[in-house]
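Here is a short report on helix faces, aromatic pairs and a few single residues. Keep the sequence and the 3D view at hand.

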Amino acid sequence: MSSEAAIGILSAEQIRASLALGEIVIDRPLDADQVQPASLDLRLGAVAYRVRASFLPGPNVLVKDRLAELTLHEIDLSAGSVLETGCVYIVPLLEGLALPADIQASANPKSSTGRLDIFTRVITDRAQSFDTIPAGYQGPLYLEVSPRTFPIVARTGSRLSQIRFRRGDTHLNDTELAALNAREPLVDGAFRASGGLLLSIDLEGSNGIIGYRAKRHTGVVDVDKRAACDVLDYWEPIPVRGKAELILDPDQFYILVSREAVHVPPDYAAEMVAFDPLVGEFRVHYAGFFDPGFGHQAAGGAGSRAVLEVRSHEVPFILEHGQTVGRLVYETMSERPKKLYGSDLGSNYQAQGLKLSKHFR
């Protein structure tokens, strides 16, 4: 990567160039579909360490040294193993980094991971925060995995998280976001911005359903198998009835959907961030990446809505139709990727409405 390269999120082509330069270190060749338009999927390694508690190593400590203190037992992932709900696992990843001084990175759960209520965070050596990798970092990557609702089957090579690389200050402020919206509408309703594009909840529903509430004490979900689980074995559909509101039960997990259809133009990427917790005792549970082309009409995405993973905390909380629940922060791409999210790649969630993860039929 040349030092004069443009500020922005690195594209798929730039990620592959970084790999060729040894700035991304891999234990085995990449999977054919592992590089996304603006991110790289991360793969689980050969073993998971069940630990007593989540941790950050701190500025002078290696993750492996903390694992030596906190590990309860090791689990071989080579043939696939069950990871239980309520437990915390640390998994060395097949990818490591040797970043140049002008490239930093951040990680997030993949869309399917969030929709399964699997809590994941990337950890680096000497880390003082999760999911953030400082410019110039050289070393291994680890993934903290904690299934919250469903026990899962995972194996070496399973992809639960993704990483995005950026050069410089890539974020659009609200003035820049409004200007972009004037050129290329980002939302099908009223444009509202406050630290990002504001999104509200749809509780009027379609096809008689406003969302899904996760069941407890279910069977396992194999994270690598599509359409292998029956929806009703794992989810309770929430029907439309009467007033357009929903009482969130404490510590229950819900799949809901935004009222707005959103658009990420080809020269931009976006990230879902939790809305201010001061507005209520709930949060959109998982941040998530939105690749260039999400909701883009030319990529088959007209009408794409944001699926929201929602959890209430401590007390029951009433959500009302149209209530603001999250925001999309937009960032500039360093270059336009050759293939956009959607029809170019056979993406799972383009043109989506209310939709569970790809594991359910």
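Predicted model: local features only at pLDDT ≥ 70, side-chain atom pairs only at ≥ 80, totals over all residues.

In helix H1 (residues 12-20), Ala 12, Gln 14, Ile 15 and Ser 18 are buried. Seen down the axis of H1, these residues fall within an arc of 160°, so they line one face of the helix. An α-helix has 3.6 residues a turn, so residues three or four places apart point the same way. What do the buried residues of H1 pack against? Their partners are strands S1 (8-9), S2 (24-26), S3 (35-36), S4 (39-43) and S14 (159-167). After H1 comes Gly 22, with a positive phi near 80°.

Helix H4 (residues 174-183) has Leu 177, Leu 180 and Asn 181 as its buried residues. They cover an arc of only 100° around the axis, which puts them on the same side of H4. Thr 175, Ala 182 and Arg 183 are exposed on the other side of H4. Asn 173 caps the N-terminal end of H4. Here a side-chain oxygen of Asn 173 lies 3.1 Å from the backbone nitrogen of Thr 175.

**Aromatic rings**

The model holds eight aromatic pairs. Two of them share Tyr 234.

| Pair | Centre to centre | Angle between planes | Type |
|---|---|---|---|
| Phe 150 and Tyr 234 | 5.4 Å | 85° | edge-to-face |
| Tyr 234 and Phe 360 | 5.4 Å | 65° | edge-to-face |

Phe 150 lies in the loop between strand S12 (138-147) and strand S13 (152-154), and Tyr 234 in helix H5 (residues 231-234), so their pair ties together parts that are 84 residues apart in sequence. Phe 360 lies in the segment after strand S26 (324-332), so its pair with Tyr 234 in H5 ties together parts that are 126 residues apart in sequence.

Tyr 234 is buried at 7%, and Phe 360 at 10%. Phe 150, Tyr 212, Tyr 234, Trp 235, Phe 253 and Phe 360 form one aromatic cluster.

Charges also sit over rings. The charged end of Arg 66 is over the ring of Phe 55, 5.7 Å from its centre. Arg 164 lies over the face of Phe 289, at 4.1 Å from the ring centre.

**Two single residues**

Ser 258 is in strand S20 (residues 253-261). Its relative accessibility is 0%, so Ser 258 counts as buried. The side chain of Ser 258 reaches the backbone oxygen of Glu 260 at 2.7 Å. Leaving aside neighbours within four places in sequence, Ser 258 is in contact with Ser 200, Asp 202, Arg 305, Ala 306 and Leu 308.

Ala 190 is in the loop between H4 and strand S15 (197-200). At 61% relative accessibility, Ala 190 counts as exposed.

Key:
Residues numbered from 1 in each chain as written. Heavy atoms only, no water. Buried < 20%, exposed > 50% of the residue type's maximum accessible area, 1.4 Å probe, protein only. Helix = DSSP H or I, 4+ residues; strand = E, 2+ residues; numbered from the N terminus. Arc of directions from axis to C-beta. Polar contact = N/O pair within 3.5 Å; in protein donor to acceptor, adjacent residues only side chain to side chain. Contact = heavy atoms within 4.5 Å. Phe/Tyr/Trp six-rings, centres within 6.5 Å; stacked < 30°, edge-to-face > 60°. Lys NZ or Arg CZ within 6 Å of the ring centre and 35° of its normal.
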